[in-house]
Amino acid sequence: MCGIVGYIGDQQASKIIIDGLKRLEYRGYDSAGLAVINGELKIKKGKGKVASLEKMITPSENGTVGIGHTRWATHGEPNDINSHPHTGQNGKLALVHNGIIENYNTLKKKLSDQGYTFYSETDTEVLTKLIESFLEKDASDLKKAVQLALHQVNGTYGIALVHSDFPDQIVVARKGSPLLLGVGEGEMLIASDASAVAAYTDKVIYLDDGEIAVIRKDDYTVESADQIELSKEIHELALSLEEIEKGGYDHFMLKEIFEQPKALSDCLRGRINAEEGTVTLGGIEGIMDQLVNARRIIIAACGTSWHSGLVGEYLFEYLAKVPVEVEYASEFRYKEQLIGEGDVMIVISQSGETADTLAALREAKSRGALVLGVVNVVGSTIARETDAGVYIHAGPEIGVASTKAFTAQVTVLTMMAIKLGLYKKTIDNKEAKKLIGELAQIPAKIEEILESTDEIKEISNLFSYAPNFLYLGRSYSFPVALEGALKLKEISYIHAEGYPAAEMKHGPIALIDEMMPVVVIAATQHTNDKMISNIEEVRARKGRIIAITNPGNEEVEDLAEFKSIVPETMDVLSPLLTVIPLQLLSYYIAVNRGCNVDQPRNLAKSVTVE
Ligand code: AGP
């Protein structure tokens, strides 16, 4: 949700922290702040983006030890007072936090009774006073005071703190929110994710839940929850700076839409062999027997990842004849979980840090189910906690609206379904060769769509100020309709709904008149006739029909007022193509409306709190 960065070394910390916060701004961007130690504690913070914080920094904020934060508010509205870092009573301690302290009210009351005063509405400020209350008792060990304080905390946190009495260290701890250490030459960094440290080091250490670390410029120690010193593995980062820059595009979202041919080629590379009709997925080879004998598959995810899970349901049931249920992770964790031995859960997450998906994973694991992950961010918590899994290799996705991660997730689910179908002999080698052969063509077919965006640009210019949109699709195209609607909602703030086309008659058809743009996805042969009758029903109510269809689908083209043609492919693979014009439509409409495409209001790239 929020982004945390810290630096200790010989260089000026504030510049490095500001750079890092800018890279993490997609995580939250309603306020920002930093603290440096230079003999004493210096803090600058306020409502607004990191750029406005940068303007506030003066030479007096020089210092070679510091921490910074970019916020996505959970407790207390975005304003100067509630922005981080938060300080202790005596102005020596500064702390930044990503997560939610659930019992902060109880702790606040207890501390107020002890004479501590509070200036903000945040849960985080309670942590600073709690740590200080332990330092009152023993001022010799900052880490110990933090450990004692965290023992009293319920909730999730990724925290970093500095204290002017301990100018040679930064203390960090995590439970539920991601944190990593960047190991440099004579300097150390900390961050919520690797993109903030990639410019300074390619060596990172991922902290796990319950761990606390003390970092100094030349060394670091990491302890487990029960205070055992750990020797943590140092991971080599595969991220290049170029990958996390905009590469000449106006927005990360547009760059990531146009990166899909490469992202899917990377996702397929070394995994499919069309000649032999085989799929190799190293991350799940070892559990195929359990997958083949699975009673059922439960897919759990959130947002766009939930939509790719819905496509996965169609794929697994059609290709591998295994019953699949798709759950909103946030609902799964609080309903009666009839899951256990013999069941397989697949959790899908781009960031690998989404709190509800992580909780669903842990719930399923604790009940004996095998949990597989389909994840993008390497080394993320979900990737590390699943029993096995497949990385989607889409590269860093920085635009808050997920695009290439969706198509890469669907590509991985397609490969998994083909592999399982081959294992279960529900598809034969000939079918597999045809499927894999066609899958290998998808990157080039997406390239073809991206070569001509004029049609979709023209449509977006016409409907940029439509108050509502409706998206309709059948079968594999239904999840695509949901995804198209979500993209438009997220970045243009236009109300939009996706619906199974036949379901329209049971209510939403009442919304249709000459003001309602209706996007119909008609690119699956086995439901084309039915789609045509649904388009007729929309046309009869004067809806403005925008058809996403294949070349030569005359009936649909004749019925539609506007169309965007995508190359033909097998029905099971059609979501990988039909979603592209919908991503572009939402993008161009959002740009026309002057919206902040990469950092839409009220949203954050990875939702690490419930
Ligand atoms: C999609 O554009 C959104 N950013 C959001 O719905 C996202 O898909 C959801 O928060 C899940 O994120 P994850 O894939 O990182 O778990």
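1. **Before you start.** This is a predicted model, in which local features need pLDDT of at least 70 and side-chain atom pairs count only at pLDDT 80 or more, while totals for chains, interfaces and linings use all residues. Residues are numbered from 1 along each chain as its sequence is written, and side-chain values use heavy atoms, with hydrogens and water left out.

2. **The domains.** The protein chain is divided into domain 1 (3–242), domain 2 (246–451) and domain 3 (452–598); such bounds come from an automatic or database domain assignment. The centres of domain 2 and domain 3, taken over C-alpha atoms, are separated by 24 Å. Their contact (heavy atoms within 4.5 Å) takes 40 residues from domain 2 and 33 residues from domain 3.

3. **The largest core.** A nonpolar core is a set of buried Ala, Val, Leu, Ile, Met, Phe, Trp, Tyr and Cys residues joined through side-chain atoms within 4.5 Å. Buried means under 20% relative accessible area, exposed over 50%, and partly exposed in between (1.4 Å probe, protein chains only). The largest nonpolar core has 95 residues, and Ile297, Phe316, Ile346, Leu372, Met416, Phe469 and Tyr471 have the most contacts inside it. This core lies between domain 2 and domain 3, because both give residues to it. Apart from it lies another core, of 27 residues, including Tyr116, Ala145, Phe166 and Ile212.

4. **A look at Leu372.** Leaving aside neighbours within four places in sequence, the residues in contact with Leu372 include Ile284, Leu291, Val344, Ile346, Thr386 and Met416.

5. **Two cavities.** On a 1 Å grid over the protein atoms alone, a cavity is a set of points where a 1.4 Å probe fits but cannot get out, and a pocket is an open set with protein on both sides within 12 Å along at least five of seven lines; lining residues have an atom within 4 Å of a point. Grid points are joined across faces, edges and corners, and a volume is the space filled by probe spheres set on the points. A search of the whole structure finds two cavities of 30 Å³ or more. The largest cavity has a volume of about 80 Å³, and of its 15 lining residues the closest to its centre are Cys2, Arg71, Thr74, His84 and Gly99. The second largest cavity, of about 60 Å³, has Ile449, Ser452 and Pro581 among its lining residues.

6. **The second largest pocket.** About 570 Å³ of space lies in this pocket. It is lined by 27 residues, of which Cys302, Gly303, Thr304, Lys605 and Val607 are the closest to its centre. Helix 9 (303–319) is one of the elements that give two or more residues to the lining, and its three residues are the largest share. Helices (H or I, at least four residues) and strands (E, at least two) are DSSP runs, numbered from the N terminus.

7. **A glycine to find.** Gly340 lies in the loop between helix 10 and strand 20. Is Gly340 buried or exposed? Gly340 is buried, because its relative accessible area is 8%. The C-alpha atoms of Gly340 and Ala369 are separated by 4.7 Å, although these residues are 29 residues apart along the chain. Leaving aside neighbours within four places in sequence, Gly340 is in contact with Arg295, Arg367, Gly368 and Ala369.
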